[in-house]
Every structure is written in C-alpha cells, then in structure tokens.
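Here is a briefing on the protein shown below. It starts with a helix and the sheet, then turns to confidence, overall figures and aromatic pairs.

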Amino acid sequence: MTGTLAGRGAIPPQVIAILSAELPSLAEEIIAEVRRSVPEYGRQDGVSKPPAFRITVEQAMAAFVDQMSGGGDGTERRDELCRELGRSEAYQGRTLDALQAAYRVGVQVAWRRVANVAREKRLPAGVMTRLADALFAYIDELASLSVEGYLEVRSSADELPGDHRRLLRLVLGPGVASGALAESAAAVGWEVPGSVTMVAIPAGARCVREALDEDVLADLADAEPHLLLPGAFDAERAAMLDRALPDRRAAVGLGVPLAEAGDSLRWARQALALVEAGVLEDGGPTLCERHLLELWLLSDRALLDQLARRELAVLAGMTRSRRMRMTETLGAWLEAQGNAVEAARMLRLHPQTIRYRMRQISETFDEQLADPSARFVLDAVLRAHRLRERSPSLR
C-alpha cells in the first residue's frame, strides 16, 4: 500500500490533518452502520466477547492515515489484527458472508465521510481520486487478511476430533445418563474422571492444540471456546495451559464432580467476562478460586440493583456527592469491622473525620446498623458497588 500511494503522488499534509481529525467519530459511525446493516452484527455480544471488530476498525483507519502520510512502514500489527478479527468471527459462528458484508459497509461509510469532508474543505479533484483509489485498495487488502484468518479457523475446526467435541458437549448437556456417557467415552478411548475443571477461553484467542494433554477435551470451534481438564488444576495443568495459550488469556473454573462441569464452565466464563470488563485483573490465567466473593457478588446484576435500591433507599433524596461520601465511608467502616482507625487508613482520612461521618451515617441507617443481618447485606451491596465502579459496562 505504501508503494502504491507513493507512486500516485503525495497527499498534502493539511489533508492528512483533516483525515486524522475524523478518525474517532468515523470508527464509531462504521461500527454503528455495520450493526444496523448486517443482521449478524445487530445482536449485541455483551461483555463476554472481546471488542475485536472495534479495535480492528480503529487501528486500521489510523494505519491508513499513517500510510497516506508516508509513515507506518510496519504493517505487522495491523495485519495480525485483521487475521485475528477473521478468527474471532469464525469462533463466534458468524458466516464469511457476514464478515465480507461488514467490510463492504465499512468502506462505504469511510468513503462517504471522506467525500463529505472533501466537499466542505474544497479538496482538489486529483487528491480525491488518489484517496478513492487508495481507500478501496486498502480495504480489499484488509478484507483478504480477515478472510485468511477466518478460513484458518474453519479449516482447523474441521480437523478437530469430532467425537471428542461431541463427548464434551455430552458431558455439559443436561441430565446425561452415566451409561451413555461411559459408552461414548469408551468409543474414543477417554477415561471418565470423577472430577473435572473447566477452562473458558476468549473467542478468537490462539490455542496450540498440540500442546494440550491427551486427556483434555476441547471445543475450540464453539462461539465461547472451552476446555475440560480431568481432575484438579495443578502445576502440571498450569504449565500445559501456558504452552497451549500463548496469549495467557483464560479463566479456570473450580474443580467439581463430573456432573457439575456446567457450573464450573459458567463460573469460568463469568470470571473471563469480569476480566474483559476490567473488574478483575488479567492474571493469565484467572483462577476462579481466587475470586469467589467477586463472582458471587456480581452473579446477578439485576437482583443486585433491586437489593441496592432497597438497602440504600434512605440516600435517594441526597445529592450525588453526599451519597458517594456516605457510601464510601460506610463501606470502609463495615469492611474494617467498625474500626475507625483502620477505615481512616483505607480512605486516607483522619480517624476523627471517620467518626464524625459515622455519627451522621448512624442516624441515617439507624435500624440497619443495629441489626447484624442488615449490616451483612449492606456490606455485600457496598462491596459489589465498589467492584462495579471499576467498569462502566457494569454500572
């Protein structure tokens, strides 16, 4: 691409500056139009899916402008993002037609914006011609890279042992008879374990299947890829995951009896969603056993909202700043088990300030603070509130 642009003449610096200013809103417009125009993208994916499309759009448009200015010689990062987008779409079960339609919509939106800006800024026709040629060739190149990644996944998925995938789905299915499971396991030479640990993998993440232990069941073609590890997650299994998942992105569920594998996977997926939302740190992999309280507190957001409205109803008429001050102080005081000095340390305030605030808070939450059960509920609500504050998507 860089050579093509250079051969057709340089783009004036002022045009580059104009295009750069359009990038943030252009990316948003492209994403919105793709969701509106391509049905498969109209369904919201939620926090459990990585924003691969958004990242690729933003990076690709920035790289285009960079190349137009004569810079950006290195395209490795851009190319890999496009291939990764294709892989992600394949893992999520979208069709190749939908992916290509998204690119067509993207280039139409981008060109419409460029044309509108050109008219407003009275750009010369020669510059417009070079921009058009460069933009359409550039998008074709990116689409080809994404198709390459898409076909790579579909091809590798076809090569996965289908009997093993069916066995894994049988394990996770509702009410499977032990005899039927044992028969299916025997057919593929898999020894039925007494306990298992499930692992959730981000859609589009790279997994080196050859690095997985022979007894591990994997469904990498699922919209939410996952693994079943017989037994507990120990040091040997951790080393295996390091080899199999170069990006170290995964969430490991709890070790459970085989019949409860679905629960382990559900917790692992919830933990992965909280990592992607920024609530939990990306420890690579994230272990559910280290975040049981967070998983419990955030397991049902709608119910938590109802509980918060009831427990914090006395704050409804206060200003936002006063509400925040009171919940922050009360949360620290409850976490410190009523120790004003410890609560002050947590909030970096003077103990006397905490004691003064708590006198006001005690008047507001008189009955709730006097009842141990009510105090427990208040503590849980405020802890969940602090966790949700870490991510806008959970507020």
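**Helix on sheet**

Helix 10 (residues 235-244) lies across strand 1, strand 3 (226-230) and strand 4, and runs at about 150° to strand 3. Helices (H or I, at least four residues) and strands (E, at least two) are DSSP runs, numbered from the N terminus. Axes are lines fitted to C-alpha atoms, for helices over the stretch in contact; angles run from 0 to 180 degrees between N-to-C directions. The model is predicted: local features need pLDDT of at least 70, side-chain atom pairs count only at pLDDT 80 or more, and totals for chains, interfaces and linings use all residues. Residues are numbered from 1 along each chain as its sequence is written, and side-chain values use heavy atoms, leaving out hydrogens and water.

- The open sheet has 5 strands in the order 2-3-1-4-5, with mixed pairing (two strands pair if DSSP finds at least two bridges between them).
- Its edge strands are strand 2 (217-219) and strand 5 (286-287), each pairing on one side only.
- Strand 1 (residues 195-200) and strand 4 (residues 251-257) run antiparallel, joined by 5 bridges.
- Val199 stands opposite Val252 in strand 4.
- Helix 11 (residues 261-276) also packs on the sheet, touching strands 1, 3, 4 and 5 (contact: heavy atoms within 4.5 Å). Its direction makes about 160° with that of strand 4.

**Confidence**

- Among the elements, strand 1 has the highest mean pLDDT (97) and helix 1 (residues 2-7) the lowest (40).
- Residues 1-8 have pLDDT below 50; beyond near neighbours in sequence, this stretch has 12 contacts in the model.
- Residues 44-50 are also below 50, with 15 such contacts.

**Overall figures**

- The protein has 18 helices and 5 strands.
- Of its 395 residues, 45% count as buried (under 20% relative accessible area; exposed is over 50%, partly exposed in between; 1.4 Å probe, protein chains only).

**Aromatic pairs**

- There are 3 aromatic pairs (ring centres of Phe, Tyr and Trp, its six-membered ring, within 6.5 Å; planes under 30 degrees apart are stacked, over 60 edge-to-face, the rest tilted).
- Phe64 and Tyr138 form a tilted pair, 5.1 Å centre to centre with 50° between the planes.
- Phe64 lies in helix 4 (residues 52-68) and Tyr138 in helix 7 (residues 125-159), so this pair ties together parts 74 residues apart in sequence.
- Both Phe64 and Tyr138 are buried.

Definitions and conventions. pLDDT = per-residue confidence, 0-100.
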